[in-house]
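Good morning, and thank you for coming.

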Amino acid sequence: MRENILSRRLLGSRLSTGRRRSTSRRRSTSRGRSSGTTRRGLGCVAAIALAGLTACGGEVTSTPVAESPRSAPVRIAFGSCADDDAPEHPIWAAINATAPDVMIFLGDNVYADSAAFSADPSVEVMQAEYAKLAAAPGFQTLKANATLLATWDDHDYGLNDGGEEFAFKDEAARIFFDFWGYPGTHPARSRPGVYAQQRLAIGGLDVQVVLLDTRYFRDALIAAPRSLDCPIKNYAPSAGTVLGEAQWAWLEARFAEPADLRLIVSSTQVIPDEHCWEKWGNFPAERARLLKLIAQRGQGRTVLLSGDRHLGEISAFELADGGRIVEATSSPMSASSGFGEGEPNRYRLGGDNLRTSQFGLLDVDAGGVRIELRDADGVVRLRERVDFPAAD
């Protein structure tokens, strides 16, 4: 049974621990966009009432983002870490210039864990941070022209590096649902956490967007001693959970549903596991479980999206059968940047990471998906192509 805004079995063994570098880069020229008439009225996000935006929505099995198939690829933008105190940041103009059909916010969409909130957590203080985002002119333009989807990370969750131990998490979830326009009857509101799915019928393609919640259920991180490699922060491996069993069962059921493209949205990185910060690698068994699920059930049509890191990169995890799992990390949109120089990542494609304001772009066609990371001037800085396997 399919579930909306966001809609079992485990697995044999296709994984290997190596990586595979892309041997060719497909560089495509810019393609024309369909006229605005095919996308009129498709923006679907709501903000809290004090921001003056209008709620929209209702739950549907498939959200049509174009009225009819078109020859141009479907365009999905994504990004994370938006400084709600920088409403005029040029990243918004750069995103809007690409005219995306869909924009996926990967988390840290606002910085609600302000000093005032940390001292005295309250609904009003957190709502005020969301109101700043709602009032940003570039966000309003994006809202009017694209379907907006979101999950959260620690700063819009309300606790830096936080997990299940955060006492305010249920209030934070209600604020999240209100802002992003989830109707009161939406099934995500009836269960703990904010995980959800959106099925999108775009340009003749069925795109499944799975928005994971890596905060509400995640066991607390285990601090480790700092070292020469990790002088600021370090975490020890944990046998705990990232998703919790209820969310795992829900996720596994999603892989039983067919899709032309399946996007798994995780606020934190999955594949890169060598850096000192938050990552699925802090929970090795959980990381292995997710990669195994994608390898066995993803049918070569699954791409991971992540944010959080205040850097961008594209990583690929090689599978034993010659396939690969690709993850695109894009961060930050408008928050601070410049971090991660020299950071190791044996899975990284393209050599270096990207340490500037940025956003991601997916151009999806029947044959595959082109992944780009673009800077605040709209310049393509990283690019990779994922080709879908040939139909049987």
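This is a predicted model: local features need pLDDT of at least 70, side-chain atom pairs count only at pLDDT 80 or more; totals for chains, interfaces and linings use all residues.

**Strands, a helix and a disulfide**

Let me begin with strands E11 and E12. Strand E11, residues 312–318, is joined to E12 by six bridges, and the two run antiparallel.

The average pLDDT of the protein chain is 85, and 81% of the residues score at least 70. Two stretches call for caution. Over residues 1–62 the pLDDT stays under 50, although the model has 197 contacts beyond four places in sequence for them. Residues 64–71 also have a pLDDT below 50, and this stretch has 25 contacts in the model beyond near neighbours in sequence.

I return to E12, residues 324–329. What else does E12 pair with? Strand E10, residues 302–306, pairs with E12 in the parallel sense, over four bridges. Within that pairing, Val-303 stands opposite Val-326 of E12.

A second hairpin deserves attention, that of E5 and E6. Strand E5 covers residues 196–202, and seven bridges join it to strand E6, residues 205–211, in an antiparallel arrangement. Gln-198 has Val-209 as its bridge partner in E6. Two residues lie between the strands of this hairpin, and Gly-203 in the turn has a positive phi of about 55°. How many of the residues of E5 are buried? The count is six of the seven, so E5 is largely enclosed by the rest of the structure.

I turn now to helix H6, residues 169–179. Its buried residues are Lys-169, Ala-172, Ala-173, Ile-175, Phe-176, Phe-177 and Phe-179. For those new to helices, an α-helix has 3.6 residues a turn, so residues three or four places apart point the same way. Which elements cover the buried residues of H6? They include helix H3 (123–135), helix H4 (137–145), strand E4 (147–150) and helix H5 (154–157). After the helix comes Gly-181, whose phi is positive, near 80°.

The structure as a whole holds 23 aromatic pairs. One of them is formed by Phe-139 and Phe-179, with ring centres 5.9 Å apart and planes at 35°, so the pair is tilted. This pair links distant parts of the chain, since Phe-139 belongs to helix H4 and Phe-179 to helix H6, 40 residues apart. Both Phe-139 and Phe-179 are buried. Another pair is that of Phe-176 and Trp-180, whose ring centres lie 6.5 Å apart with the planes at 55°, so this pair is tilted as well. Phe-176 has 0% relative accessibility and counts as buried, and Trp-180, at 3%, is also buried.

Charged side chains lie over rings in two places that I wish to point out. Lys-169 of helix H6 lies over the face of Tyr-216, at 4.2 Å from the ring centre. Elsewhere, the charged end of Arg-262 sits over the ring of Phe-255, 4.6 Å from the centre of that ring.

My last topic is the cysteines. A disulfide is a covalent bond between the sulfur atoms of two cysteines. The count here comes to one disulfide. Which residues form it? Cys-230 and Cys-276 do, with their sulfur atoms 2.0 Å apart. The torsion about their S-S bond is about -80°, so the disulfide is left-handed. The pair links distant parts of the chain, 46 residues apart: Cys-230 lies in the loop between strand E7 (222–223) and strand E8 (235–236), and Cys-276 in the loop between strand E9 (261–265) and helix H8 (284–297). Are these two cysteines buried or exposed? Cys-230 is buried, with a relative accessible area of 9%, and Cys-276 counts as buried at 10% relative accessibility. A further cysteine, Cys-81, is buried too, its relative accessible area being 0%.

Definitions and conventions
Residues are numbered from 1 along each chain as its sequence is written. Side-chain values use heavy atoms; hydrogens and water are left out. pLDDT is the predictor's confidence in each residue, from 0 to 100. Contact means heavy atoms within 4.5 Å. Buried means under 20% relative accessible area, exposed over 50%, partly exposed in between (1.4 Å probe, protein chains only). Two strands pair if DSSP finds at least two bridges between them. Rings of Phe, Tyr and Trp (its six-membered ring) pair if their centres lie within 6.5 Å; planes under 30 degrees apart count as stacked, over 60 as edge-to-face and the rest as tilted. A charge sits over a ring if NZ of Lys or CZ of Arg is within 6 Å of the ring centre and within 35 degrees of the ring normal. A disulfide is a pair of cysteine sulfur atoms within 2.5 Å.
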